[in-house]
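Please look over the sequence and the model below before reading on. The briefing that follows sets out selected features, grouped by topic.

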Amino acid sequence: MGQKHQPSADPRPDTKKKRRVAFSNIDTGIPAKDCIKIYLVSTKEEVGSTDSLCIDPVDLNSFFEDEDGKIYGYQGLKITVWFSIVSFHAYADIVFESTSDGGKGITDLKSTLQNIFAETLVDNKDNFLQTFSKDANFIGSVVADGEVLHPKASSNGQFNEAKFHVQAANSDLEVIRLPMDKMAGRNLYSRLVPLALLLIDGSSPIDVTDPRWELYVLSQKNNGRTHPRLLGFAALYRFYHYPDSSRLRLSQILILPPYQCKGFGRFLLEVLNNVAISENVHDFTIEEPISKLQQLRTCIDVKRLQGFSPIEEAVSSAISQFKLGKLSKKISFPPLLPSPEAIEAVRKSLKITKEQFSHCWEILIYLGIEHDKHLEDFILAVSSRMRDDLIGETTDAEGKQVVDVPTDYDQEMSFVMFRSTNNATGVEMDESRGNQEEQLKKLVDDRVKEIKLIAQKVSSDQIRSISKPS
């Protein structure tokens, strides 16, 4: 941008030096994920070593005030956080070349890190290193005040080692329940909050002042160690169910990254299933499980249902429908829907909800049919069931629309369906029936792939722990 000059009567050039107008560089910021690394360490010798386990937080940028999750005002910024999985304290090493306000201010790093790590953040490195010895038995001291749920036999004798995964059912594993009306549970959860925020997608801290929250801790004794170590945890909420029962809802579950994919996630879920059964709650649900957790849950439940005699006849009857020959294209979905009696029996005995049982039902049938003869009819039945769920019967589908919507959950499974009134919806919609059919076909294809994957895992007993948290 130049200066504006008045015309001059003197034709000679201006020999005076012209002023130059310059603008300072605008600070575009640094994405938090590009300058922060977080390591999990179990010994003081691991602190400072980049060979330690570096975790991949679900969304570091969301902790920073800027809408783009950026840090402003720093040049050459590097933040390294060391998080102890012994004492569950953290230390942040912040290094930068210089600071300057480039128009967006200078981000308060200490305040932001406090928002993530809260009371676990230790200011002094020497003090942090001392926690490895001073708090070496932190987990042991906390779980000592809890109720050991496993290993322990239930009152009906069904809570035993044989029900658990062979890779995880070791005598050195314990699951301990810590109610939130006790100080031990509150103290432990307060130190676990950073892991929940960083590793569980969409999580927020539970209200530790609400006694209906319960913390379940999976710990491992001995194994060459003097003190037990924490492998994972789960937070459950106990709802009242009229008239005299309760419902258990799993809100958070995490197997620490060093121990994932070793069977511990399945082990912990199986213990929680047995808690629901032994305490005779109405049912056991999971709050918005991510796909990995839902897959693990379904594998476990299908295995449980395979050995549940009250539904054997119902499953056999559904499978037999496919042996009657080619199914009509107008097939309704009774072969792929369990009866109300079966649904109630499963809820009452196994504490599996109607929605989850229906999710498992198609897999049970798939496992029982002859794929070379009946797979085409099976896919047709799945399509018929999904058509009715998503679009409706032909006579009832006029004016209904299936619309993709933005979501953080699963883009391929997220949509809204509504019925227009007198063709006046106020929303510009694609009214092509062909597009609806195309969307439905994709959803059916995805569902069949999921059924095949889970059936394969169940058949080969390749059910592993949670690779990603919920």
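Two strands are taken to pair if DSSP finds at least two bridges between them, and the strands themselves (E, at least two residues), like the helices (H or I, at least four residues), are DSSP runs numbered from the N terminus. This is a predicted model, in which local features need pLDDT of at least 70 and side-chain atom pairs count only at pLDDT 80 or more, whereas totals for chains, interfaces and linings use all residues. Residues are numbered from 1 along each chain as its sequence is written, and side-chain values use heavy atoms, with hydrogens and water left out.

**The sheet and its strands**

- An open sheet of mixed pairing is formed by 6 strands, in the order S9-S10-S11-S12-S13-S14. Strand S9 (147–150) and strand S14 (284–286) stand at the edges with a single partner strand each, so one side of each is left without a neighbour in the sheet. From one strand to the next, the twist averages 30°, where axes are lines fitted to C-alpha atoms (for helices over the stretch in contact) and angles run from 0 to 180 degrees between N-to-C directions.
- Strand S9 is joined to strand S10 (residues 173–179) by 3 bridges, and the two run antiparallel; within this pair, Glu 147 has Arg 177 in S10 as its bridge partner.
- Strand S11 (residues 213–220) pairs with S12 in the antiparallel sense over 8 bridges, and Leu 218 finds its bridge partner in S12 at Gly 232.
- S12 also pairs with strand S13 (residues 245–255), again in the antiparallel sense, over 10 bridges; a hairpin of 3 residues joins S12 to S13, and the bridge partner of Phe 233 in S13 is Leu 254.
- Strand S12 (residues 229–241) is mostly covered, with 10 of its 13 residues buried, where buried means under 20% relative accessible area, exposed means over 50%, and partly exposed lies in between (1.4 Å probe, protein chains only).

**Helices on the sheet**

- Helix H5 (residues 183–199) lies across S10, S11, S12 and S13, and runs at about 80° to S11.
- Helix H6 (residues 264–278) packs on the sheet, touching S9, S10, S11, S12, S13 and S14, and its direction makes about 170° with that of S13; contact here means heavy atoms within 4.5 Å.

**Helix H8 and its buried side**

- In helix H8 (residues 312–320), the buried residues are Val 315, Ala 318 and Ile 319. They cover an arc of only 100° around the axis, which puts them on the same side of H8; the arc is that of the directions from the helix axis to the C-beta atoms.
- In general, an α-helix has 3.6 residues a turn, so residues three or four places apart point the same way.
- The buried residues of H8 pack against helix H10 (354–368).

**Two individual residues**

- Ser 203, placed in the loop between H5 and S11, is buried, with a relative accessible area of 18%.
- A polar atom of the Ser 203 side chain lies 2.6 Å from the backbone oxygen of Ala 196, and the side chain of Ser 203 also reaches the backbone oxygen of Ile 200 at 3.2 Å. A polar contact is a pair of N or O atoms within 3.5 Å; within protein, one must be able to donate a hydrogen and the other to accept it, and residues adjacent in sequence count only if both atoms are side-chain atoms.
- Not counting residues up to four places away in sequence, Ser 203 touches Ala 196, Leu 197 and Gln 252.
- Asn 25 lies in the segment before strand S1 (30–31) and is exposed, with a relative accessible area of 71%. Asn 25 is 77 residues from Gly 102 in sequence, and their C-alpha atoms are 6.8 Å apart in space.
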